[in-house]
Amino acid sequence: LSRRKRPKQFLKIGTDRALIVETIERLESLVDAQHCTVVAGQNHVERLKECLPHFAEKRFIIEPCPRNTAPCIGLAAIHISKVDPEAVLVVLPADHHIEDVPTYRKLVNQACELAQDGSIVTLGIKPSRAETGYGYIKLKSAGEEQDSIGSSAVHDVDRFVEKPDLETAKLYVDSGHYLWNSGMFVFTAKTLLDAYDKHLPDIARGLSNIRPIIDSPQYSSQLENIFSALPSV
């Protein structure tokens with residue numbers, strides 16, 4: 001059912017509302033609605049406005065061209081850091097179906113607490129089967145939590161691994177050292193942008209050129225020139 005102009009986030013899967021609407025509504029008790037921002041490509045703008053008619057125009061950040069997740073999240077971070085460099089960003093894919101919303105909200109709150117000390121936090125999911133359709137997170141200390149917050153274990157991450165073949169997935173699950181990668185990340189805007197300076201300098205330079213022109217008349221035209229030159233990461 002997913003198509004380029006109508007990807008998963010606009011489909012009604014598991015409920016009678018589009019997945020992006022579900023994503024926003026799960027945040028209702030966590031953050032004021034005016035602090036929710038949607039980052040999307042140009043060819044999805046009209047569908048977004050149909051799904052989220054109460055969203056103000058300024059709450060959409062539109063990428064002029066696709067450059068994968070690092071430039072996308074960085075673009076959101078520079079917009080938000082202009083208002084508050086210490087703001088905690090919760091980066092959420094808009095195509096998830098989550099049934100246990102109270103537990104999800106609790107985990108997001110706990111992740112926000114951890115992120116305030118400069119940590120980059122991700123939510124891992126304990127695998128229930130050898131799944132080849134998901135990426136995995138390898139824990140540094142499987143079986144031994146480094147810390148805990150509330151009722152949730154906190155581990156250091158060793159590395160991320162891409163979608164495995166079936167035999168590799170079985171090894172991952174049997175080892176107990178791996179979690180499914182949810183794609184959800186939590187950090188302050190400053191932490192993320194500092195990490196880009198260190199690890200993704202080409203993207204950091206491009207973002208630093210975009211930041212001063214946010215809210216200026218030159219933003220749209222210059223954004224396209226700068227953003228399109230960023231590496232896809």
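Ring pairs tie Tyr-136, Tyr-172 and Tyr-178 together into a cluster. Searching the whole structure turns up 5 aromatic pairs. Here rings of Phe, Tyr and Trp (its six-membered ring) pair if their centres lie within 6.5 Å, with planes under 30 degrees apart called stacked, over 60 edge-to-face and the rest tilted. Keep in mind that this is a predicted model: local features need pLDDT of at least 70, side-chain atom pairs count only at pLDDT 80 or more, and totals for chains, interfaces and linings use all residues. Residues are numbered from 1 along each chain as its sequence is written, and side-chain values use heavy atoms, with hydrogens and water left out.

**Aromatic pairs**

- Tyr-134 and Trp-180 have ring centres 4.9 Å apart and planes at 75°, so this pair is edge-to-face.
- Tyr-134 sits in the loop between strand E4 (121-125) and strand E5 (136-139), while Trp-180 is in strand E9 (residues 178-188), so the pair ties together parts 46 residues apart in sequence. Helices (H or I, at least four residues) and strands (E, at least two) are DSSP runs, numbered from the N terminus.
- Trp-180 is buried at 7% relative accessible area, whereas Tyr-134 is partly exposed at 36%. Buried means under 20% relative accessible area, exposed over 50%, and partly exposed in between (1.4 Å probe, protein chains only).
- For Phe-160 and Phe-185, the ring centres are 6.1 Å apart and the planes at 50°, so call that pair tilted.
- Phe-160 is partly exposed at 42% relative accessibility, and Phe-185 is partly exposed at 22%.

**Charges over rings**

- The charged end of Arg-59 sits over the ring of Phe-55, 3.6 Å from its centre. To count, NZ of Lys or CZ of Arg must be within 6 Å of the ring centre and within 35 degrees of the ring normal.
- Arg-26 lies over the face of Tyr-104, 5.4 Å from the ring centre.

**Strands E1 and E2**

- Strands E1 (residues 38-41) and E2 (residues 60-63) run parallel and are joined by 4 bridges; pairing takes at least two DSSP bridges.
- Ala-40 has Ile-62 in E2 as its bridge partner.

**Positive phi**

- Asn-68, in the loop between E2 and helix H3 (69-83), is a non-glycine residue with a positive phi, near 75°.
- Asp-215 has a positive phi too, near 70°, and lies in the loop between helix H7 (201-210) and helix H8 (219-228).
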